[in-house]
Amino acid sequence: TLLYTIKFEAMPLVMLCGYPCSGKTQFTLKLQEYLQTTRGKNVVVISDDSVGVDRNRTYHSSEGNEKEHRGDLRSQVQKHISRDTVVILDSLNYIKGYRYELFCISKNCKTPHCVVHTDTPNETCHKWNDACQHYQSGLIDELVMRFEPPNPKQRWDNPCFVVPAESDGVDDVITQISDHLFSVGAPRPNQSTQSQALAAPDFMNQLDISTQEVLEAITSQQQLGSSTFKIPGVEATLTFNRTMNLAQLRRLKRQFVTYSKSHPPSDVTKLKEGFVQYLQSLV
C-alpha cells in the first residue's frame with residue numbers, strides 16, 4: 001500500500017514564453033498580484049532568478065549548460081504543482097519540445113495550463129535590456145533566432161494568450177487568463193502521460209530535503225578526496241568508481257525525484273537510503 005500518495009486536481013500551470021527582455025517578468029508580477037489579491041490563490045513563481053543562473057553564461061550556445069537549466073526548472077515545476085498552488089514558470093521557454101514536456105506534466109497532474117506569449121518586437125527588447133543589462137546584446141539576437149513561437153493549433157500551446165508590448169490591454173489579458181484557468185476542466189491524462197501515483201506536496205518537500213542532504217554529504221566528503229561516502233542516517237556506505245561533479249549529481253537527483261514522485265515508498269524514512277542505493281547502482 002502506498003502510504004504517501006493522494007489523488008487530487010492540481011492548480012493551474014502558467015508558462016510564459018517570449019524573447020529575452022520582452023516583459024515576461026513584469027507581466028508575471030502583475031498576474032501573480034491579481035491571482036493573490038482578486039482570486040485569493042497561492043502562487044509560486046519559478047524563474048531563472050529563483051534557481052540562480054547566470055543568463056549570459058547559461059544561454060550562450062558554446063559555453064552554457066542550458067539543457068541542465070531547463071531540467072532544474074522542470075523539476076521545480078514538478079515539485080510545486082499541487083492542489084493549493086498556482087505555478088507560474090517565468091522563463092524563455094522558447095523550445096516547443098520543452099513546452100510539450102511541461103504540458104505533459106500538467107496533463108499528468110490533471111491541471112489546466114496555458115501559454116502566455118509576450119509578443120514584444122526585437123527592437124523593444126534591446127531597448128528594455130539596455131535599461132536592465134540582463135543579457136549581452138549579441139546573445140539577445142542569438143536567442144531570438146532560436147525562438148520557436150507558440151502555435152495554438154498544437155495542444156501543448158493551447159490556449160495561448162498574447163501580451164502586447166504596450167501597457168494597454170494587459171489587464172484584459174490577465175482577466176482572460178484567470179477566467180480560463182478557473183473555469184475549464186483539466187486535460188484528461190492518457191497512456192503516455194499517466195503515472196501510477198502522484199505524491200503529496202509534503203512528501204515532495206521531504207524528498208527534496210532528503211536527496212539534497214545526500215548530495216551535500218557527498219560533495220563535502222568528495223572535496224576531501226574521498227571516493228567512499230558515509231551519509232548521515234544511512235547505514236550502508238556509498239562508493240563511487242569515478243569523481244562526480246555537482247551538475248552530474250543534480251542530474252541523478254532529478255531522475256530519482258521524478259521516479260519517486262510516481263512510485264513513492266511506503267516508508268518516508270527510507271528516502272535517503274533509497275537515493276543512496278539508486279546512486280550506487282549507477283555510479
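Which backbone oxygen does the side chain of serine 22 reach?

**Figure 1. Overview of the predicted chain.** This is a predicted model, in which local features need pLDDT of at least 70 and side-chain atom pairs count only at pLDDT 80 or more, whereas totals for chains, interfaces and linings use all residues. Residues are numbered from 1 along each chain as its sequence is written, and side-chain values use heavy atoms, with hydrogens and water left out. The chain contains 11 helices and seven strands (DSSP runs numbered from the N terminus: helices are H or I, at least four residues; strands are E, at least two). Of its 283 residues, 45% are buried (under 20% relative accessible area, with a 1.4 Å probe and protein chains only).

**Figure 2. Close-up of serine 22.** Serine 22 occupies the loop between strand S1 (13-18) and helix H1 (24-37). The side chain of serine 22 reaches the backbone oxygen of tyrosine 19 at 2.6 Å. With a relative accessible area of 3%, serine 22 is buried. Residues up to four places away in sequence aside, serine 22 touches Thr118, Thr120, Cys125 and Trp128 (contact means heavy atoms within 4.5 Å).

Figure 3. Serine 210 belongs to helix H9, which spans residues 201-222. Is serine 210 buried or exposed? Serine 210 counts as buried because its relative accessibility is 5%. When neighbours within four places in sequence are left aside, serine 210 is in contact with Leu271 and Lys272.

Terms used:
Buried < 20%, exposed > 50% of the residue type's maximum accessible area, 1.4 Å probe, protein only. Polar contact = N/O pair within 3.5 Å; in protein donor to acceptor, adjacent residues only side chain to side chain.
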